[in-house]
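Please keep the sequence and the structure at hand while reading.

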Amino acid sequence: MSQSTSTATGASPQGGASQTNDSQTNDIEVRGLSRSFGEIRAVDDVSFTVRGGELTGFVGGNGAGKTTTMRMIMGVLSISAGDVLWRGQPISALDRRSFGYMPEERGLYPDQAVLDQLVYLGRLRGIGTAAAKKSVTDHLERLGLAERAKDKVQTLSLGNQQRVQIIAALMGQPQALVLDEPFSGLDPQAVDSMADLLREHTSRGVPVLFSSHQLDLVERLCERLVVLAGGKVVAAGTADALRTQSVMRHRLVLSGDAGWVRDAPGIHTVDVDGGAVLLEVVEPGAEHRLLAEALRRGDVLEFAPQRPSLSEIYREVTA
Amino acid sequence: MTTVNHSDPSAPSGRSPETPDRNDAGRPWLIVAGREIVVRLTNKSFIVSTLVTIVLIAGVGAFSAWQSSRSSTTTVAVTGPAATQLVEQGAAAASTADDKVSIKPQSVADDAAAKAALTSGSADAWLHQGGDGWVLTAKDAPDSAVEAGIGSAVRTQALATNAAAAGTTAAAIEKGTVLTTTRLDGQQDDTLFIKLASLAFSLLFFMAAILFGQQIAASVVEEKQSRLVEIIATAIPLRALLAGKVLGNSVLAFGQVVLYGAVGLVAVAFTDYSRLLPSLSVAVIWFVVFFAVGFFALACLFAVAGALASRTEDLQSTTAPMTMLLAVVYVVGFSVTGTALKVVSFIPIVSVVAMPGRILSGDAAWWEPVVALVVMAGFAAVTVLVGEKVYRRSLMQTRGKMSWREGLKSADA
């Protein structure tokens, strides 16, 4: 009440309404997050935002710091520096309780029945027994495991155990999802069901952060991606933004030899193979001069910008 | 300008219908304890081992009850009226001492017939005149009750005869020759029984502590190894997880000990030692109380042992200090006597076994178990605090096993 009054009187010009409004969007905001293990800095000043209603892909090589970052977001690893915000406020244990989390290494109680242990995990997250049972049953049906509900986990195949772990994260309408390699070990059909499930969560405004090595999958599913290398964010944004950020490449195919292109001003040639050249435009406008020169010298069979694939961008930014 | 509800910024509109009811929020440890109990109670080997133990305890009771209620009849071969009279007097004396012993004479023609009766088994013993008195011959050693009965008949008769010859009476001669033993507290001497009961306390505590302790450690490392603990840690405080585990297993261990104790007391009621039931019951009740507090302290330490390991294979070495401690308690519990016993009966954990033994033998003042219990409760409180700290630190540490020393001094994960 007092805050409304102060806003109305203009006592805090930049605070108030717009600030608080931001906090209502379901964003996970990571700010300057760092973590050291002894001398090794596993995560170094990492900042990014996982927006509500969007799938954010978290990519990077082995040891890039993805898992460490996710564990810090989920509070299972203490933070050396930086902070994690949820809806604009420092995240609390109670907030995390409503998050769905899938750790990197997987495991369940081998001796307990699928349904029983999922309901147990749901109850620990504060979901009532009846609601947990319903949510688990629905998910088991969706993932084709309905008839295995009473079976002990150790009797399931690894792929099916993976599905059970997915359910443990997705059950009971979580407010946010943090999933470490959720697609690894799934067959293509299960990947599709999983993607559909994640879409349902983003459509209710939930932010989803998932790490993956499968770049084609990330490209297909994600609105945004965060690329990590050596513990640092090397690229972040929508796939299209990353493409425009990266230097645009063109492919030029001439009827004659294209060796002369190497000396063209404002152009960096990546590769020359007979009449075909892969080039990067260093000075904007240089491509027009190049094309004019090429037409003067002979026939131009092809001249087109190359839309880089995500894996090309990835290789470029992590190089 | 956007209107904002400042009064409750953490609850944006439209959230509540989507959010399932978050009940149980205040007592997640209860959910954990519930799971520990249910998983254990539906475990076949646990049920079977419990039933087998109950059958064993009841069986020992039933056997000794049958043993003590068994009546025996001894047939003594005799060749003349003098021997017959002695056997009859002996029978009277023996049944006064123990009504389950009966002796009856069997007249035979001569010594040869008596020997034949012994050999064939139709008689158990043969009373006959020897060099300067009576001889009781049996196939092997004669039954002690029979020997005592007939022996006293022979002595009484000989005394009477000898006294008459000396011009006095048997009573005059016997006067002042009998030694009667009594105890100051008016109780009978039951050292052996007390020893056995102490041994039973030791064994029961040792078994239950090892069984349930290992169970706690195993369930902790199971969650750690499978990284389930990461999922659980995002849902509830680790303190609640530890509390739930310790509570659930303590309830189970306690329930089992109460069950065994009750069956044991019922079994004792059917034996000759039933007169000891009141003092035994008091000792058992104290034992159960001590057990509950002592086990709680141990349970925390076992949970820490589990958290220090990172794979099930490490458990052997991380629980080794606990196993050693329990073995010492076990041995001390029934081997120490005198002043040493008084001292150890105040030392936490050892007191679980030592104090009930002292209560049973009647040498503990009323305040002694109370003090020992308070000391142990203090010890339990310390292990809970320290245990919780180490548990929290080591549970997220997934690289190899940690030593107890590392666990105690390591920084938070």
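## Strand pairing in chain A

Two strands are said to pair if DSSP finds at least two bridges between them, where strands (E, at least two residues) and helices (H or I, at least four) are DSSP runs numbered from the N terminus. By that criterion, strand β1 (residues 28-37) of chain A pairs with strand β4 (residues 81-86) of chain A in the antiparallel sense, over five bridges, and within this pairing I28(A) stands opposite W86(A) of β4(A).

Strand β5 (residues 89-90) of chain A runs antiparallel to β4(A) and is joined to it by two bridges; β4(A) and β5(A) form a hairpin with two residues between them, and in the turn R87(A) has a positive phi of about 55°.

## Basis and confidence

This is a predicted model, in which local features need pLDDT of at least 70 and side-chain atom pairs count only at pLDDT 80 or more, whereas totals for chains, interfaces and linings use all residues. Residues are numbered from 1 along each chain as its sequence is written, while chains are lettered from A and ligands numbered from 1 in the order in which they are written.

For chain A the mean pLDDT (the predictor's confidence in each residue, from 0 to 100) is 84, and 92% of the residues reach 70 or more. Over residues 1-23 of chain A, however, the pLDDT is below 50, and this stretch has 21 contacts in the model beyond near neighbours in sequence, a contact being two residues whose C-beta atoms, placed from the backbone, lie within 7 Å.

## Overall form of the chains

Chain A has twelve helices and 14 strands. Its radius of gyration, taken over C-alpha atoms, is 25 Å, well over the 20 Å that the globule rule gives for 319 residues, so chain A is more spread out than a compact globule; the rule is 2.2 Å times the number of residues to the power 0.38. Along the principal axes, the C-alpha atoms of chain A fill a box of roughly 75 × 65 × 40 Å.

Chain B comes to 16 helices and four strands. Its domain assignment (bounds from an automatic or database assignment) gives domain 1 (72-170) and domain 2 (189-409), and the centres of these two domains of chain B, taken over C-alpha atoms, are separated by 57 Å. Of the contacts in chain B with a separation of 6 or more, 73% are between residues 24 or more positions apart.

## Buried interior

A residue is buried if 20 or more other C-beta atoms lie within 10 Å of its own, exposed if 12 or fewer, and partly exposed in between, with C-beta atoms placed from the backbone. Buried residues make up 39% of the 319 residues in chain A and 36% of the 413 residues of chain B. In helix α5 (residues 114-124) of chain A, eleven of the eleven residues are buried, so this helix is largely enclosed by the rest of the structure. Its cover includes α6 (129-142) and α7 (158-170) of chain A, together with α1 (28-41) and α8 (228-235) of chain B.

A nonpolar core is a set of buried Ala, Val, Leu, Ile, Met, Phe, Trp, Tyr and Cys residues joined through C-beta atoms within 7 Å. Among the 152 residues of the largest such core, L118(A), I167(A), V178(A) and A303(B) touch the most other members, and helix α10 (residues 277-308) of chain B gives the most to this core, with 21 residues. A second, separate core of 19 residues includes A83(B), V87(B), W126(B) and V146(B).
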